[in-house]
Amino acid sequence: MTDEAEAHASEAEQEIREGDWRGPLHGIPIGLKDIIDTAGTRTTAASALFKDRVPTENAEVVTRLKNAGAVLIGKQNLHEFAYGGSNIISYYGETHNPWNPAHITGGSSGGSAAAVAAGIGYGAIGTDTAGSIREPASPCGVVGLKPTYGRVSAYGVIPLAPSFDHVGPIARSVSDAAVILQAIAGYDAKDKTSVDTPVDDYVAALEKKVDSLVIGVPRKFFFDDLDPEVASATKHALDVLSSFSKEIRDLEFEVPTQRTLQSAESYAYHAQFVKQSPELYQPETLRRIKNGATVEPAEVQRRLQLLEKFRTEIGKVFEEVDVLVTPTVPIPPPTIAELKQNPDQLRERELMLLRNTRPFNVWGLPAISIPCGFTESGLPIGLQIVGPHWHECRILQLAQAYEQATAWHKRQPPQKN
């Protein structure tokens, strides 16, 4: 996409000079996770299965970015077919963390988070089925925003599990994430998961104060077995939040942990490909996909009904508090060597990395990860802020207030000599 990007950048420059300004993304470089269709340019999902796949139509999110004048600078690596949280399983090889290349980026939008952290583009578009925007945002020290389920169109995005798939921005700051979300949010009749509800002014909302917010802290589950450095950073972040919020309140509620529906939906998409060309998948990806083969249709329907129940009942939590705050990821990112040397432990480690993000995909709630500290070895730590359905403004406001009260987001990865 290099030649195309250069041409679009020149075109945008000329348009702006002539007074035809389309908004804050006009002429701004944005990357795309390589699971988002781009007409005439390969979209491979980081798999040999799709290595020569060239879509004929843009994903809706691509169309909206282009309409906003953004310059799309290229496709970014991911965990194959988005089925993992480490980004070490890919047709193109593992993705390295810009803060320390020996460590993973997290996934599956690891290439996008790494690119933004390294300064390659103003932002990126990722996807999030169990945490795949927020989980890599945390160890890469950037902002990752998963909107409400149905807020941003998933049309033209290769699915992992349609009942949980979200599309959203990764950026260097909260305000940047708000600008990108403003451009891509809104109803799309082509996407059956899209919801026709008004789009707020996310950028204007950042100017509002947050001193009336009640913050809920669900310590059970989300604070279990935290790495000591993550626990310390989160405590300090909550101390900062308490200085400009109305109240911080501990609360407890049931957290769904079942992955049956996701497994079944992933297998449903891949079933024909698995039958025809199993050898084109990475072995671990194939194993994960096949796990969904035994889920009966009746069980899928039962799980879908249960999902709707979860998404309705979670609203009761926000009758007591305005937002929830948790660590984004319970542990610092492992090294690539550690995971490669112990492949039998890979999935267990990934599930731990995704533990705190996955439930919010089940509930379909908007959630954002922002930098809140660093380990002694210099690896970023993320804080997760979650709001009620359709209240992206609320989590953006609190995230921005925290960002302005701290300096974590100003740090940059070490430069290579």
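Me: How do helix H5 (residues 174-184) and helix H15 (residues 392-405) pack, and how far apart are their axes?

Reply: They pack at an angle of about 155 degrees, with axes 9 Å apart. Axes are lines fitted to C-alpha atoms, for helices over the stretch in contact, and angles run from 0 to 180 degrees between N-to-C directions. This is a predicted model: local features need pLDDT of at least 70, side-chain atom pairs need 80 or more, and totals for chains, interfaces and linings use all residues. Residues count from 1 along each chain as its sequence is written, and side-chain values use heavy atoms, without hydrogens or water.

Me: Why is H5 called roughly antiparallel to H15?

Reply: Because the cut-offs are under 35 degrees for roughly parallel, over 145 for roughly antiparallel and 65 to 115 for roughly perpendicular, with the rest oblique. The angle here is about 155 degrees, so H5 is roughly antiparallel to H15.

Me: Which residues make the contact?

Reply: H5 gives Val174, Ser175, Ala178 and Leu181. H15 gives Glu392, Leu396, Ala399, Gln400 and Glu403. Contact means heavy atoms within 4.5 Å.

Me: What makes Asn87 buried rather than exposed?

Reply: Its relative accessible area is 0%. Buried means under 20%, exposed over 50%, partly exposed in between (1.4 Å probe, protein chains only). Asn87 therefore counts as buried. Its phi is near 65 degrees, positive in a residue other than glycine. Asn87 sits in the loop between strand E2 (71-76) and strand E3 (96-97).

Me: Why is Trp390 called partly exposed?

Reply: Because its relative accessibility is 26%. Trp390 also has a positive phi, near 70 degrees, without being glycine. Its loop runs between strand E12 (380-386) and H15. Helices (H or I, at least four residues) and strands (E, at least two) are DSSP runs, numbered from the N terminus.

Me: How do you know that the buried residues of H8 share a side?

Reply: The buried residues are Val230, Ala233, Thr234, Ala237, Leu238 and Leu241. They cover an arc of only 140 degrees around the axis, so they lie on the same side of H8. The arc is that of the directions from the helix axis to the C-beta atoms. Pro228 and Lys235 are exposed on the other side of H8.

Me: What is the omega of the peptide bond from Gly107 to Ser108?

Reply: Omega is near 10 degrees, and the bond is cis. Ser108 lies in the loop between strand E4 (100-104) and helix H3 (110-117).
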